Amino acid sequence: MTVAEVLAEVSKDQVFFDESEGGITVSGGEPLTQPVFVEALLAACRARRIRTALDTCGFADSRVVRRISEYVDLFLYDLKLMNCEKHRRFTGVKNDLILHNLRILAAQRSAVIVRLPVIPGVNDDTDNIDALSDFLSSLDLREIELLPYHRIGSEKYNRLRLCNRMEGVDPPGGEQMETLAARLRRDGFCVRIGG
Amino acid sequence: MDFVCELEADMNERVNRLRRATLETTPRLSIERAALLTEFCRKDKTASVPIRRARAFQYIMENKEIYIGKDELIVGERGPTPKAAPTFPELCCHSLGDFEILNSREKISYSVDNRARQIQRDEVIPYWQGRSMRDLIFAEMTPEWKDAYEAGMFTEFMEQRAPGHTVLGDVIYRQGLTDLKTEIKTALSHLDFINDPEASAKRDELRAMAIAADAVIRFAERHAEKAEDLAKAESDRGRQAELYKIAEVCRHVPAYPPRDFWEALQAYWFTHLGVVTELNTWDSFCPGRFDQHLYPFYQKGMEGGTLTRDKAKELLECLWVKFNNQPAPPKVGVTAAESGTYTDFANINNGGLKRDGSDGVNDVTYLILDVIDEMHLLQPSSNLQLSKKNSDAFLKRGLEIVRQGWGQPSIFNADMVVEELLRQGKRVEDARGGGISGCVETGAFGKEAYILTGYFNLPKVLEVTLNNGIDPRTGKKIGIETGDASAFSSYEQLVAAFRKQLHYFVDIKLRGNQVIERLYADYMPAPFLSLLVDDCIAKGKDYNDGGPRYNTTYIMGVAPATCTDSLAAIKYHVFDRKTLSMEELLLALAHDFAGHEKLRRLLWDRTPKFGNDDNYADAILADVFNAFFEEIDGRRNTKGGNYRVNYLSTTCHVYFGSMTGATPDGRRAWEPLSDGISPVQGADRKGPTAVVKSAAKMDHVRTGGTLLNQKFTPQLLKGEDGLDKVAHLVRSYFRLGGHHIQFNVVTAATLCAAQADPEKYRDLIVRVAGYSDYFCDLTRALQDEIIARTEHEAFAPAIPETATV
């Protein structure tokens with residue numbers, strides 16, 4: 001698809017954007033793996049006064065993040081694990097670049113909502129939450145969304161005959177989510193569950 | 001379900017008891033009115049038709065049973081007791097067979113006792129058979145009309161019920177019936193017998209109106225007498241005082257203008273009973289902009305310390321029970337077996353604009369919304385008139401009720417309603433004082449007779465076109481020869497043939513309408529209703545004969561979406577892509593796709609469909625819309641008014657579906673057609689935003705109402721966030737020029753469970769079309785259809801865009 005084609009599709013919803021102050025969210029996969037296209041699309045939206053959000057894991061060239069951030073009204077920024085080694089183990093990459101890019105966005109005062117996918121036994125431990133809280137406080141980022149882990153994808157793994165390494169992980173309960181949210185609120189964050 | 005108990009927590013004891021009583025009483029058929037009418041007509045020698053009708057009405061009102069139930073504050077019943085529906089043999093006369101069906105059918109039954117059977121057999125049938133309007137109408141219809149009617153091309157509203165479709169303005173709150181009688185006297189004194197050849201007819205009509213006024217005044221007095229009698233025998237002091245108060249109210253209204261909130265409600269109710277006893281008017285009768293009419297009384301009572309919000313609410317709730325006590329009078333003939341509802345379509349309008357164009361929402365608006373929320377009754381229906389001038393708080397209060405999932409209130413674009421009425425040539429104040437009635441029908445309240453005359457089966461026109469004038473269901477030739485479809489070389493040629501066929505059938509329908517209109521004008525005047533609608537007194541003309549300020553006749557297009565998707569399938573596959581030939585398609589349709597499943601999947605899954613914000617299909621909707629509009633809009637009726645179109649199907653898309661074979665959109669034979677202007681069930685796959693975008697491409701301004709159904713699960717409206725989302729959706733649709741939207745908020749799972757175990761879901765109400773109904777009272781086909789309507793789990797496509805063939 002070309003930028004023009006995507007924009008034509010997006011423009012169909014202009015009236016709803018106007019009513020609800022909504023706009024588009026560029027999501028993925030990881031949109032920043034296609035930086036040229038994403039930048040062109042976001043720039044085109046900006047030109048039409050369509051609000052933009054970028055849903056990213058932050059693992060991208062910092063120059064790209066900086067450049068694209070000019071056209072992004074809101075970042076939805078995933079931060080899965082604060083521990084670098086653990087991060088590598090579960091995602092395949094280290095988190096230093098991700099943290100660095102978040103520092104860049106915070107320093108230039110971009111609007112950011114940090115999103116934590118809550119995966120029991122992986123990143124819901126006190127250490128990770130404490131580290132997350134400290135890090136975000138140091139950057140003066142105040143908004144967090146907690147996304148409970150779900151198993152909607154497990155059927156897809158089966159269908160594609162892929163090995164599901166999350167097999168056996170249960171979604172967190174509502175109470176656990178509330179406890180986590182309350183803990184982060186105590187540190188002064190504005191926390192939403194869901195997303 | 002615990003729902004009932006939960007509701008009752010907020011209600012006072014009295015209302016609680018009244019509500020339970022109305023829910024627990026089973027509807028029955030009352031022979032009272034038919035017996036009194038027949039008795040009168042046998043003896044009466046009056047020559048003048050309107051005066052005879054008025055005297056018959058008077059005889060009924062003076063002799064019918066007076067009912068005042070315990071706990072009641074607002075009094076009066078249409079039958080001898082609550083839930084007793086009268087019959088109208090002068091309109092259509094039930095056979096004894098009809099009575100048996102009504103008594104025994106599984107859904108929407110009316111119990112019939114032996115006395116009723118006997119009176120019907122010995123008195124009513126012998127007198128009315130051959131004399132009823134239904135008999136007169138069918139006698140005057142041409143063979144072409146009958147062929148089309150029997151083929152399911154259109155229906156005829158006036159063969160079962162009288163023209164009505166009207167809503168009260170503010171007259172009864174300003175003037176008592178005695179004041180209207182004074183106006184009649186003045187009008188009589190101005191008659192010009194020398195120069196006006198119609199002066200004598202006007203004289204009779206005006207005299208008839210005066211008799212009708214007396215009839216209702218007397219009816220109210222009889223309630224006062226009954227209340228006094230009951231008071232004398234009452235041992236409970238509190239109730240005794242109430243009964244004396246009721247008597248005082250009934251002695252005052254509707255003879256004189258109401259002085260307070262209570263009297264205003266009772267004045268309306270007597271007026272309502274008068275209208276629906278005089279004739280069985282379509283869509284019952286309705287107080288229209290009730291919040292605005294009641295507000296001055298409410299304000300005065302609150303300021304003077306004579307009324308509290310709770311008292312006003314209690315009185316309104318007592319009135320709500322009265323509406324619910326009136327099941328729609330049962331139909332006759334084939335429709336007796338299949339007719340789908342007890343609801344009589346009284347539809348209360350809330351909010352919108354005042355006559356001066358300012359925001360019409362007031363304290364009574366919110367009070368009425370609380371009443372609707374608390375009462376949770378089938379009748380009356382309710383709606384929000386939402387103008388861009390109304391606040392989001394008003395909209396969201398309405399949506400809070402919507403999300404409980406019983407289908408009320410529906411939501412209308414008040415600014416569009418005004419625009420539609422203005423396009424039809426109404427004065428701006430009259431347009432703003434208007435609103436909707438029935439399901440979605442636009443009208444100038446208190447000033448207009450806007451008569452719906454029948455549903456019109458658009459896909460059937462296409463079916464007959466594809467078969468060169470033949471109805472494939474029967475093999476009978478009902479249309480004209482527009483050419484062998486397999487020889488058509490372009491989409492344009494097909495549309496031209498479709499238009500020719502449409503023209504032929506519209507003319508048949510229209511001719512029938514004109515004849516029927518005159519039959520009602522000549523033989524079935526409605527002097528009491530005429531009293532209430534401007535300018536019948538001034539003109540000296542009946543409601544059914546052009547007396548109102550505006551006189552509009554509607555034909556309702558059914559299943560524009562099925563028709564659009566069918567044309568789109570042909571254009572796309574036969575002419576544009578040439579993926580299949582017309583012969584192949586016609587063959588598959590003739591076999592109801594038996595042995596052609598692959599082709600059916602192609603048509604169903606791989607064709608642009610209306611409802612997805614896809615211009616390919618939506619442009620074809622415009623073709624269908626324009627063809628129907630150009631055939632009808634602006635043609636003259638016999639009452640000095642014009643024909644207009646609107647788009648609603650109530651439950652008729654199920655009946656029309658049962659008369660229509662397989663369609664090129666992949667729909668199998670005899671399945672329901674699309675409802676209202678909603679997309680074909682399951683064809684909208686891009687979520688509700690795409691649905692409203694497509695629906696808004698229809699030019700709503702040139703209609704007198706359209707109906708868009710959307711079904712949501714409760715989760716979608718959860719929390720303030722959920723209300724916001726739906727509020728944005730509604731506002732967006734209205735900004736694009738949509739007329740109406742309504743929501744069914746239930747899960748398909750709930751509906752299936754209710755289907756399996758109806759007892760447990762007795763108070764499950766769903767939005768059917770322009771009204772809500774108890775799910776368990778619907779026929780199986782209708783239940784299935786509601787389950788099948790696209791369920792939007794979220795504001796994202798619920799189904800993959802293309803399924804594999």
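In this predicted model, the secondary structure of chain B amounts to 33 helices and 17 strands. The radius of gyration of chain B is 26 Å, close to the 28 Å that the globule rule gives for 805 residues, so chain B is as compact as a globular protein of that length. Along the principal axes, the C-alpha atoms of chain B fill a box of roughly 85 × 65 × 55 Å. Of the 805 residues in chain B, 59% are buried, a residue being counted as buried if 20 or more other C-beta atoms lie within 10 Å of its own. Among the contacts in chain B between residues at least 6 apart in sequence, 78% join residues at least 24 apart.

One sheet of chain B is open and consists of three strands in the order β8-β11-β12, with parallel pairing. Its edge strands are β8 (448–457) and β12 (642–646) of chain B, each of which pairs on one side only. On average, and with direction ignored, neighbouring strands of this sheet are turned by 30° against each other. Strand β8(B) runs parallel to β11 of chain B (residues 550–558), to which it is joined by eight bridges. Within this pairing, B:Glu448 has B:Tyr550 of β11(B) as its bridge partner.

Two cis peptide bonds of chain B may be described next. The bond from B:Gln408 to B:Pro409 is cis, with omega near -15°. B:Pro409 is located in the loop between α18 (392–402) and β5 (410–413) of chain B. A cis peptide bond also joins B:Asp534 and B:Asp535, where omega is about 0°. B:Asp535 belongs to the loop between α23 (527–532) and α24 (536–539) of chain B.

Positive phi values occur in chain A at A:Glu21 and at A:Asp140. For A:Glu21, a residue other than glycine, phi is near 55°. A:Glu21 is situated in the loop between α2 (14–20) and β1 of chain A. Because A:Glu21 has 9 C-beta neighbours inside 10 Å, it counts as exposed, the limit for that class being 12 or fewer. For A:Asp140, likewise a residue other than glycine, phi is near 60°. The loop that holds A:Asp140 lies between α7 (126–139) and β5 (143–148) of chain A. With 9 C-beta neighbours inside 10 Å, A:Asp140 therefore counts as exposed.

The two chains also meet in a contact that takes six residues from chain A and eight residues from chain B. By class, the side of chain A that touches chain B comprises two nonpolar, one polar and three charged residues.

Methods
Residues are numbered from 1 along each chain as its sequence is written. Chains are lettered from A and ligands numbered from 1 in the order in which they are written. This is a predicted model: local features need pLDDT of at least 70, side-chain atom pairs count only at pLDDT 80 or more; totals for chains, interfaces and linings use all residues. Two residues are in contact if their C-beta atoms, placed from the backbone, lie within 7 Å. Ala, Val, Leu, Ile, Met, Phe, Trp, Tyr, Cys and Pro count as nonpolar, Asp, Glu, Lys and Arg as charged, and the others, Gly among them, as polar. Two strands pair if DSSP finds at least two bridges between them. Helices (H or I, at least four residues) and strands (E, at least two) are DSSP runs, numbered from the N terminus. Axes are lines fitted to C-alpha atoms, for helices over the stretch in contact, and angles run from 0 to 180 degrees between N-to-C directions. The radius of gyration is taken over C-alpha atoms; the globule rule is 2.2 Å times the number of residues to the power 0.38.
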